[in-house]
Amino acid sequence: MKVLVLGGAGYIGSVTVHRLIEKGYSVVVIDNLVTGHREAVHPKAIFYEGDLRDEAFLDTVLSNESIDAVIHFAASSLVGESVTNPGKYYDNNVYGTLVLLKSLVKHNVDKVIFSSTAAVYGEPDRVPILETDPTHPRNPYGETKLAMERMFHWFDVAHGIKSIALRYFNVAGAIDGRIGEAHEPETHLIPLILQVPLCKRDYISVYGADYPTRDGSCIRDYIHVQDIADAHILAMERLQEKPVSDVYNLGNGQGFSVFEMIDAAREVTGHPIPMVIEDRRPGDPAVLVASNEKAVKELGWTIQYPDVKDIIRSAWEFHKNFPNGYKKV
């Protein structure tokens, strides 16, 4: 079976490519390398550098390769940037997916696993969040991901393309100390915390300590990147066995506060990690935690890294090896 991974040089995409190859799949990767890293792509993967919005390029790849299923990670994903530059997100995320779907129809590829996001829920009506809960995104990133979900639905109705949307919560960690987060700029909590013991910043900022939570800081759901990658493979295998479109939350199922994450990082690194309390950021919900029961029950998904210290420890190994991204010291 040959799998096309879009955005396969990015953080989650590159880990998924490694896991697919470990499990014996043939893998083709497309990435424009704007945010991805060629060094992160598994050497056994067939690699094409190009943009999803380039219809001729995509037709060439799909003509050259006999693709059985697609895993789609290729999207812009910075919430703050999406607010200041919404056009980029509608162009890259929505238009790029439209070009993809038209090409899949043309080349008779009918199975897609799609990287969605918890941002489609916006401010949750309850916690833990269920897949059936209302979706009311609060930023263009979440809006474009929800639009992509709806596009997949209507292409299923019209053309029989089956898809599974996976709504992530906070993905973190690394595999083997060699494949991990290397974003520029970095916006995710764990790598930002680890920049302090790496002497890349003096302290970690905590945005708000007066939320209605157990310690006053925001609570989020953190899941190891390998667990996320494995869920994609399980979802793809489910589509092979049962070609029915669906949506699943991917999260740990339990919440950890910002203060708890900092304390865990102190224990893992042995560094005091000073912090500074800043004002709340507009629109930050107090608690975001997933219900993962549907993925566990229907996909057979088992979380291998439930302990946040293990997640942070794996990230710490990667960042020690690659303090400047993939420029190894």
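Modeller: Val 94 is buried, because its relative accessible area is 18% and buried means under 20% (exposed is over 50%, partly exposed lies in between, with a 1.4 Å probe and protein chains only). This is a predicted model, in which local features need pLDDT of at least 70 and side-chain atom pairs count only at pLDDT 80 or more, whereas totals for chains, interfaces and linings use all residues. Residues are numbered from 1 along each chain as its sequence is written, and side-chain values use heavy atoms, without hydrogens and water.

Val 94 belongs to helix H4, residues 86-106. Helices (H or I, at least four residues) and strands (E, at least two) are DSSP runs numbered from the N terminus. Leaving out residues up to four places away in sequence, Val 94 touches Tyr 89, Thr 144, Ala 147, Met 148 and Met 151; contact here means heavy atoms within 4.5 Å.

From this residue we turn to the open sheet, whose 7 strands follow the order E3-E2-E1-E4-E5-E6-E11 with parallel pairing. Two strands pair if DSSP finds at least two bridges between them. Strand E3 (46-49) and E11 each have a single partner strand and stand at the edges, so one side of each lacks a neighbour in the sheet. On average, neighbouring strands of the sheet are turned by 20 degrees against each other, direction ignored; the axes are lines fitted to C-alpha atoms (for helices, over the stretch in contact), and angles run from 0 to 180 degrees between N-to-C directions.

Within this sheet, E4 is joined to E1 by 4 bridges, the two running parallel. Val 3 stands opposite Ala 69 in E4, and Leu 6 stands opposite His 72 in E4. E4 also pairs with E5 in the parallel sense, over 3 bridges, and there Ile 71 has Ile 113 as its bridge partner. In a regular strand the side chains alternate between the two faces of the sheet. In E4, Ala 69 and Ile 71 point one way, Val 70 and His 72 point the other way, and all are buried.

Lys 111 lies in strand E5, residues 111-117, and it counts as buried because its relative accessibility is 16%. Its side chain makes a polar contact of 3.1 Å with that of Asp 110. Such a contact is a pair of N or O atoms within 3.5 Å; within protein, one must be able to donate a hydrogen and the other to accept it, and residues adjacent in sequence count only if both atoms are side-chain atoms.

Helix H1 is largely enclosed by the rest of the structure, because 11 of its 12 residues are buried. Among the elements that cover these buried residues are E1, E2, E4 and H7.

The largest nonpolar core has 46 residues, of which Leu 20, Val 27 and Met 236 touch the most other members. A nonpolar core is a set of buried Ala, Val, Leu, Ile, Met, Phe, Trp, Tyr and Cys residues joined through side-chain atoms within 4.5 Å. H7 supplies the largest share of this core, 8 residues. Leaving aside neighbours within four places in sequence, the contacts of Met 236 include Val 3, Leu 20, Ala 69, Ile 71 and Ile 113.
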